[in-house]
Amino acid sequence: MWDRCKLKEMGKQNFKKSYLAAFVVSLIFMLVSGGIGGGRSNSTNGHNNLYETNTILDKAEPMVSAMSGSFESLSMGKAIMHSIDGVFKNSFFLAVVSISVIITISVVLFLRLPMEVGKNRFFMENINEKPQISTILYSYKEGRLKNTVWTMAFRDVFILLWTFLLIIPGIVKGFEYFAVPYILAENPNLPRQRVFDLSKEMTKGHKMDLFILNLSFIGWFILNAVTFNLSALFYVNPYLNATLAQAYEFLRQKALYNNFADISELPGFLEQNNNLFFS
């Protein structure tokens, strides 16, 4: 039976037994997630030379006018220079935007998504043993990356499209796909469609439970804002990750118990897995 208080208590106990490793893994993932799009502050670099052109032209205007007496020609020249200036500005801006988009997509696809799966693998292993920090790199080993990135990217796109349609359906879909990164952490070679089907089946009847579980951390989220995320860094993120891992363990065991999936699809995170919820 779903017991939110029990899940949170077990999550707290689990992350505390491996606090340092849980802290480091949560920190790495927070840096990867928080660093997305963070390098766009230098968008004005390279504009100075273009503005200097106008400055030089302004200073030269009286001299040229006196020498040639053709102010109209000078105005035409300035107009041409302004046009060239605008072209370079727009080209530079488009180049910066294009590079930023490429970098952002690359970071999401090849860092954040695989490390989200690796992070979840770490906290699932942490239920029964003390895993290594390197577990966060799980998706990069033995040909697991392609299917992981492909499936996780579809998850994000689906949630985004549903959110564009209406916010509430987007939130519902987010909880419907809650299990996707955990399933990939357990079986990274499972076909994409089967991963989505399993996640939908696992979360059926538990979307509201998952919503309330996340909502129960609202006091901690407020503390994060007050402490400029220091509480998130040292306590809340590892605590939340460990609790969500316990939630997936409940859903996973229920799926196996009710024959939604078999052990070949959900082989577990250890050679032997303790059944914590069902018997």
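A pocket is an open set of grid points with protein on both sides within 12 Å along at least five of seven lines, and its lining residues are those with an atom within 4 Å of a point. In the predicted model examined here, the largest pocket is lined by 19 residues, and Lys119, Asn214, Leu240, Asn241 and Leu244 are the ones that lie nearest its centre. Two or more residues of this lining come from each of α2, α4, α5, α6 (167-176), α7 and α11, with α11 giving the largest share, four residues. By residue class, the lining of the largest pocket divides into 10 nonpolar, six polar and three charged residues, and the volume of this pocket is about 610 Å³.

Of the 279 residues of the protein, 39% count as buried. Among the contacts with a separation of 6 or more, 74% are between residues 24 or more positions apart. Confidence in the model averages a pLDDT of 84 for the protein, and 77% of the residues score at least 70. Over residues 35-72, however, pLDDT stays under 50, and the model has 27 contacts beyond four places in sequence for this segment. Where pLDDT is low, the predicted coordinates should not be read in detail.

In soluble globular proteins, nonpolar side chains tend to be buried together. The largest nonpolar core of the model has 49 residues, and those with the most contacts inside this core are Trp2, Phe178, Ile183, Met202 and Tyr248. At least two residues of the core are supplied by each of α1 (4-17), α2 (19-34), α4 (71-125), α5 (145-165), α7 (180-186), α8 (192-203), α9 (207-215) and α11 (230-257). Helix α11 gives the most, with 10 residues.

Two of the core residues with the most contacts inside it, Ile183 and Tyr248, also touch each other. When residues up to four places away in sequence are not counted, Ile183 touches Leu190, Val195, Leu198, Ser199, Met202, Tyr248 and Leu266.

Ala242 is found in helix α11 and counts as buried because its relative accessibility is 3%. With residues up to four places away in sequence left out, Ala242 touches Gly11, Phe15 and Phe123; of these, Phe123 is 119 residues from Ala242 in sequence, yet the two are 5.7 Å apart in space, C-alpha to C-alpha. Ser231, which also lies in helix α11, is buried as well, with a relative accessible area of 12%. Apart from neighbours within four places in sequence, Ser231 is in contact with Trp220, Leu223, Asn224 and Val236.

How values were computed. Residues numbered from 1 in each chain as written. Predicted model: local features only at pLDDT ≥ 70, side-chain atom pairs only at ≥ 80, totals over all residues. Heavy atoms only, no water. Core = buried A, V, L, I, M, F, W, Y, C linked by side-chain atoms within 4.5 Å. Buried < 20%, exposed > 50% of the residue type's maximum accessible area, 1.4 Å probe, protein only. Contact = heavy atoms within 4.5 Å. 1 Å grid on protein atoms, 1.4 Å probe; cavity = no way out; pocket = protein on both sides within 12 Å on 5 of 7 lines; lining within 4 Å. Points joined across faces, edges and corners; volume = space filled by probe spheres on them. Nonpolar A, V, L, I, M, F, W, Y, C, P; charged D, E, K, R; others polar. pLDDT = per-residue confidence, 0-100.
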